[in-house]
Amino acid sequence: MNNQQLWQAILGNLEVSLSKANFNTWFKNTGIVEKGPDFIIIGVPSTFSKDWISRKYQTDILKVLKSISPEIREIKYQVGTQKPVPVVKNSISQATVQSLSASAPVYNNPAPTTQNASFPNLNPKYVFDTFVIGKHNELAHAASVAVSKNPGSQYNPLFIYGDVGLGKTHLMHAVGNKLLQDRSGAKVLYVTSEKFTNDYIQAIGSKRMDEFKKLYRTVDMLLIDDIQFIAGKEGTQEEFFHTFNELRDKGKQIIMTADRLPKDIPAIEHRLISRFEWGMVADIQAPDFETRLAILQTKVAKKGVSISDEIVYFIAENISSNIRELEGALNRLLVYQQMEHKSLTLDQARKILGTMITQKKKVTTLKKIAMSVAEFYNITVEDLIKQSRRKEYVKPRQIAMYVSRKELGSSFPTIGEFYGGRDHTTVMHGVEKIEKLMVQTDSLKQEVDLILDKLYIT
Ligand code: ADP
Ligand code: MG
C-alpha cells in the first residue's frame, strides 16, 4: 500500500463519521508526505488545519491506522508543502465556487409569481415567527407588525434604528415576507442604500433612468437598509427624495433602517431628515438577559439540537451586545458538539468561547480579517488583493469582504480600497453573494464561523 492509498483508506474511514462539510473543510489538500518505520507525516495546508486535525481527529486517524498499519505509533505534521490531493469529488469549496458564479436568484420568496419574480431578495428565514420580542425591541416590533397589517397607511415611513446585529434587517424582511404571504403578487423590493446609490449611478451612466424609475417607483413596499450610507451623496439623495415622495403619495410603504437617528446622520439634506421622521421612528436597543436567553432557546429548539441549559445560560450571560454574536457563539458550540459526538460540558464551552468572551470588546481590522481568511484558504493576503479572477481567490476574497462588512461595518468603498482599489460595486456584489449563499449553504456558514473563530482567537 503506497502513501496515497493509505491516506485514502484513512479518509474513507473518517468520511463516514463526519459531516460532509467538516470533512471537506479539514481534509481538503491533505496527504501523507512520508511514512517512516513507526510514524507518518501528514501534510496539511495551514497551521490552523494542523492544530485542528491534531486536536480533533488524531485519535480517529490512529484508530484506523491500527487496523491497516499497526506499526505506526506516531503522527507528525508538515505544514504547507504537499501537493494538493483532490480528496473528494464535488468538494464543498468547488460546489461553493460554482454556486457563487451561478446567476440564478438564491432566495425564494413564498409563492413567486411572474410579477414578483424580479424581486427575489428577501431572506425567507427572516419572518415574525422567528423573531423574539423583548423590551429592547418591542416598539420596533409592534410598529413593524402594525405596518405589515396596514401597509402604506399609519406608519409611513417606518424608520428603525439601532446598533449593528440587533435585528433591524430581520424585522424589515419580516414585514416584506408578511406582505408577500398576504398578497402573493405584491412587489416588495429590498435594497441596501448602497445598492440604491449604485443602481442610480448606473442608470445615469447608461441613460436608463426610465428603467430605474420604473423599478423603484412602482413597488408596493420599498425596504432600504442602512440608509446612513447615502450621507454625502447629493445626487442619490435628490433621487431618493423623489422616489420617496412618489411612493408615499401613492400610499406605498417605505421602511428604512439606520445605525442612528435621522437627525444624527451627517451630510444629509434637511428635507430628507424631516421626511424620515414623518411616520414612525423606532429604536432597537441591546437585549436584556432574559431576552438573550429566550433568543438562544428559540434557536436551539428550531435547530432541533440539544445543549445543556447551563451552557445556554453561560452564553446569554457573557455575550450581551449583539444578537448576531449570540447566534455565532451558539453555532460555534454546536459545531464542536457535533464533532465530538457528545454533549459539551460547561468547562469545554468556556474554553471554546474563551477569547470571544474575555475580549468582550472585540477588536479587529481589515488587515487581520484578510490574514485570517488567507490562512484559512491557504493563500496569501497578496492573492486576496491582487487583480486575479481565479476562482480559488474570488471566493475567499468575497468572504473576506463579507466578514469586513459584518464585523467592522466598513463602507463598501473602504473595503474596495483595501482590496486593491476595487470598485465599491464589486465589493457590494461580493458581500451580497456570500450573504445569499450563507442562507442556502450550511457549509459556507460553517466556514465563515471557523474563520471568525480564527480571527478572534489569535
Ligand atoms: P442588524 O440588521 O440590526 O445588524 P440583523 O437583522 O442582521 O441585525 O440581525 C442579526 C442576527 O440576529 C440575524 O441572524 C437575526 O435573525 C438575529 N436576530 C436579531 N434579533 C433577533 C430576535 N429578536 N429574535 C431572533 N433573532 C434575532
Ligand atoms: Mg442589517
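A polar contact here is a pair of N or O atoms within 3.5 Å; within protein, one must be able to donate a hydrogen and the other to accept it, and residues adjacent in sequence count only if both atoms are side-chain atoms. Keep that in mind for the ligand stop.

First, some ground rules. This is a predicted model, where local features need pLDDT of at least 70 and side-chain atom pairs count only at pLDDT 80 or more, while totals for chains, interfaces and linings use all residues. Residues are numbered from 1 along each chain as its sequence is written, chains are lettered from A and ligands numbered from 1 in the order in which they are written, and side-chain values use heavy atoms, with hydrogens and water left out.

**Colour by confidence.** pLDDT is the predictor's confidence in each residue, from 0 to 100. The chain averages 84, with 87% of its residues at 70 or more. Helices (H or I, at least four residues) and strands (E, at least two) are DSSP runs, numbered from the N terminus. Strand S7 (residues 253-258) has the highest mean, 98, and helix H5 (residues 92-101) the lowest, 29.

**Select ligand 1.** Show the residues with a heavy atom within 4 Å of the ligand: there are 18, and the closest are Val132, Gly165, Thr169, His170 and Glu327. Side-chain polar atoms of Thr169 and Glu327 each sit 2.7 Å from an oxygen atom of the ligand.

**Hop to Gly167.** You'll find Gly167 in the loop between strand S4 (158-162) and helix H7 (168-182). Leaving out residues up to four places away in sequence, Gly167 touches Phe131 and Ile284, where contact means heavy atoms within 4.5 Å.

**Back up to Pro157.** This proline is in the loop between helix H6 (138-149) and S4. The peptide bond joining Asn156 and Pro157 is cis, with omega about 0°.

**Now take H8 and H9.** Helix H8 (residues 193-205) packs on helix H9 (residues 209-217) at about 150°, axes 8 Å apart. That angle makes the two roughly antiparallel, a label for angles over 145 degrees. On the H8 side, pick Lys195, Phe196, Asp199, Tyr200, Ala203 and Ile204; they meet Met209, Phe212, Leu215 and Tyr216 in H9.

**Finish at Lys207.** In the loop between H8 and H9, Lys207 has a positive phi near 55°. Most residues other than glycine have a negative phi.

Terms used. Axes are lines fitted to C-alpha atoms, for helices over the stretch in contact, and angles run from 0 to 180 degrees between N-to-C directions. Angles under 35 degrees count as roughly parallel, over 145 as roughly antiparallel, 65 to 115 as roughly perpendicular and the rest as oblique.
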